[in-house]
Amino acid sequence: MLDINLIRQDPETVRQALLKRNVSVDFTELLQWDSERRELMKKGDDLRARRNKASDEIPAMKRRGEDVSAVLSEMKAVSDQIKDIESRLSDIEMKIKQFMDGLPNIPDDDVPAGGKECNTVVRVWGEQPKFDFEPKDHMELAVSLGLVDYERGAKLGGSGFWVYTGLGARLEWALLNYFVQDHIKNGYEFLLPPHILTYECGYTAGQFPKFEEDVFHLKADEGRGFQQFLLPTAETALVNLHRNEIIPESELPKRYFAYTPCYRREAGSYRTQERGMIRGHQFNKVELFQYTKPEDSSDALEELVARAEALVQGLGLHYRVSKLAAEDISASMAKTYDIEVWIPSINEYKEVSSASNARDYQARRGAIRFRREDTGKTEFVHTLNASGLATSRLFPAILEQNQQADGSVVVPEVLREIVGTDVIR
RNA sequence: GGAGAGAUGGCUGAGUUGGUCGAAAGCGCUCGACUCGAAAUCGAGUAGGCGGUUCCCGCCUCCUGGGUUCGAAUCCCAGUCUCUCCGCCA
């Protein structure tokens, strides 16, 4: 949610900023609704003030034995007017909310305009491994080494699901454990949230109402007023932790991380290139999250990226960091870095972490504030998230980047204790 | 799944024969007085949001959403959540 005051004061600047995302908006109608809204509010408030005053006087008049019937009928009329104004007001507020809900976040100044092709690589770490043999793709490796059972995965969950088996399950678990240990070491608080969330959570995160089709909805029970869904990322849970709260300034920044599977419909997004575990309906991810003061969020984003990068480095995988262009950034975010590992078989860099600063966009939707001690006033916090990390792209990257001529795979050192072997063969 | 109780300010908790209630009292917190300092004591203050003619005024919010009424924390309806007991259960 953007600040409507910003649009009121300087609509052209906001319009230009959104144009960077190739979103063209015309605020004329909105501003009209906005002034109409305030006009109605004023009218309604004045009428209510009158009614409140009369409500004070009526009992006093009664006590003095005066006739109140004239006041009563006048107030009856006033109440009718209030009702009329209120219904007009709620219509207009709904229109305003709908409009505002549809607006994406304003990209940071240093975010380039344009789509994917305008993403800029800011760093590259390591080098592409060279193979003096014909390298296999991760599916071939996973199947031949007995790490993943795709067929039975589909038997259980349908297309887009798989089962980690044996050393594969241990490798997956080792990855998650490695992330968890690292974040604990760095002072982030570990959370295990529910995987089923209410509609309100999706709204605050910015997924709803626009992207309702992307998640798995649970059938609402009889008589239940809302629907729940399976979280598409732990971010959705973490951003709602402090929804409708005022956080003491001294508690900021709050640094959390959570492990959850992520459930996504991925409707229609299947590409043959992305077979295997590059894109499934369920994958494991550890998510980093921060609530900060506005002036601290830019540094916090760099910190989050550094944390995620350290993990990939610890695995010894070749990767790069990209700063996303405006159109490639998800709607709630002002700036995003992607960390992408190289997948040899498709010769592409695939996202294993996405680190974003939402600034106050989510905080506005969820009324997440803090009280500034200097001024005593409440302000919206800034929220940031970063995968740290998603396993479903790392697993293939490890298999493919670490494979050897005999079809075996070298296990990264940090994972060996849990996997139980140096080399999977 | 069955039965019952409840939801009020940072917390505890009054208020439910509708009006003087955004709300007693206590605790906590902040500031001031007293003190060498502290405790105790005394005094003052202490929710969020919206709008405006913006050192001031008005409005809204007593779980949420509707309704009744001139007027709702209080009455009616629906929903959500919490607690207790029974049953079931990892």
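These legends describe close-up views of a predicted model. Local features need pLDDT of at least 70, side-chain atom pairs count only at pLDDT 80 or more, and totals for chains, interfaces and linings use all residues. Residues are numbered from 1 along each chain as its sequence is written, and side-chain values use heavy atoms, with hydrogens and water left out.

**View 1. An open sheet of three strands, ordered S7-S13-S14.** The pairing in this sheet is mixed. Strands (E, at least two residues) and helices (H or I, at least four) are DSSP runs, numbered from the N terminus; two strands pair if DSSP finds at least two bridges between them. Strand S7 (245–248) and strand S14 (378–380) are the edge strands, each pairing on one side only. From one strand to the next, the twist averages 40 degrees.

**View 2. The pairing of S7 with strand S13 (residues 368–371).** These two strands run in the parallel sense and share four bridges. Glu-245 stands opposite Ile-368 in S13.

**View 3. The packing of helix H7 (residues 167–185) against helix H10 (residues 297–314).** The helices pack at an angle of about 135 degrees, and their axes are 11 Å apart. Axes are lines fitted to C-alpha atoms, for helices over the stretch in contact, and angles run from 0 to 180 degrees between N-to-C directions. H7 and H10 are therefore oblique to each other: angles under 35 degrees count as roughly parallel, over 145 as roughly antiparallel, 65 to 115 as roughly perpendicular and the rest as oblique. Tyr-178, Phe-179, Asp-182 and His-183 of H7 make the contact with Arg-307, Ala-310, Leu-311 and Gly-314 of H10 (heavy atoms within 4.5 Å).

Note on methods. Chains lettered and ligands numbered in written order.
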